[in-house]
Amino acid sequence: MTTRTAEKTKSGNGSSGKGTDAVKLLKQDHREVEDLFETFEKARSKDRKTELAKKICDALRVHMQVEEEIFYPACRGIVDDDQLDEGVVEHDSARKLIAEIEKMAPGDDLYDAKMTVLSEQVDHHVEEEEDEVFPTVKKSDLDLVSIGEQMRRRKAELGAGD
Ligand SMILES: [Fe+2]
Ligand SMILES: [Fe+2]
């Protein structure tokens, strides 16, 4: 369902992250969530689906929070405000679906459909960030390494550091 596997990067090897710029960190998160969605699609047992859905929802929530607290504010004045506002609305829409999914269990009516729609919405959102927001930011003189460092610290505080 996704074609964005070429630049896949795994974190968690203990040496990644330090000095990594904000855009790279966010792209790593995007690839990880895409991988999790792909694995979810192939999963058959209810336990496995529950486990993967939890990982996906947790990862998305932390990712969106870090973007909204640190990355998006840093982009204000560089990236079109409308673009960033739309991003926030898309995050909110994902949060609503996530909240619904978390109250459900595999096998429930619409459970798989909600996971599929979440995946499609995230794909669309990621495409806009990577095609429209990130290139503009990379051309600016923002200190992406220092923003990346703040993001790494915040992720760790939120229990999702690498
Ligand atoms: Fe986002
Ligand atoms: Fe993102």
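## Exercises on a predicted model

L110 is found in the loop between helix 3 (81-102) and helix 4. The structure is a predicted model.

**Exercise 1.** Classify the packing of helix 1 and helix 5, and list the residues that make the contact.

*Solution.* The axes of helix 1 (residues 22-42) and helix 5 (residues 144-157) are 7 Å apart, at an angle of about 45°. The two helices are therefore oblique to each other. Helix 1 contributes A22, V23 and L25, while helix 5 contributes L144, I147, G148, M151 and R152. By class, these contact residues are six nonpolar, one polar and one charged.

**Exercise 2.** Describe the largest nonpolar core and the contacts of M151.

*Solution.* The largest nonpolar core has 18 residues, and those touching the most other members are A22, V23, F71, C75, V137, I147 and M151. Two or more residues each come from helix 1, helix 2 (46-75), helix 4 (111-139) and helix 5. Helix 2 gives the largest share, five residues. Leaving out residues up to four places away in sequence, M151 touches A22, L25, V66, I70 and F71. Another core, of 15 residues, lies apart from the largest one; L52, A94, M115 and V126 are among its members.

Technical notes: Residues are numbered from 1 along each chain as its sequence is written. Chains are lettered from A and ligands numbered from 1 in the order in which they are written. This is a predicted model: local features need pLDDT of at least 70, side-chain atom pairs count only at pLDDT 80 or more; totals for chains, interfaces and linings use all residues. Axes are lines fitted to C-alpha atoms, for helices over the stretch in contact, and angles run from 0 to 180 degrees between N-to-C directions. Helices (H or I, at least four residues) and strands (E, at least two) are DSSP runs, numbered from the N terminus. Angles under 35 degrees count as roughly parallel, over 145 as roughly antiparallel, 65 to 115 as roughly perpendicular and the rest as oblique. Two residues are in contact if their C-beta atoms, placed from the backbone, lie within 7 Å. Ala, Val, Leu, Ile, Met, Phe, Trp, Tyr, Cys and Pro count as nonpolar, Asp, Glu, Lys and Arg as charged, and the others, Gly among them, as polar. A nonpolar core is a set of buried Ala, Val, Leu, Ile, Met, Phe, Trp, Tyr and Cys residues joined through C-beta atoms within 7 Å. A residue is buried if 20 or more other C-beta atoms lie within 10 Å of its own, exposed if 12 or fewer, and partly exposed in between; C-beta atoms are placed from the backbone.
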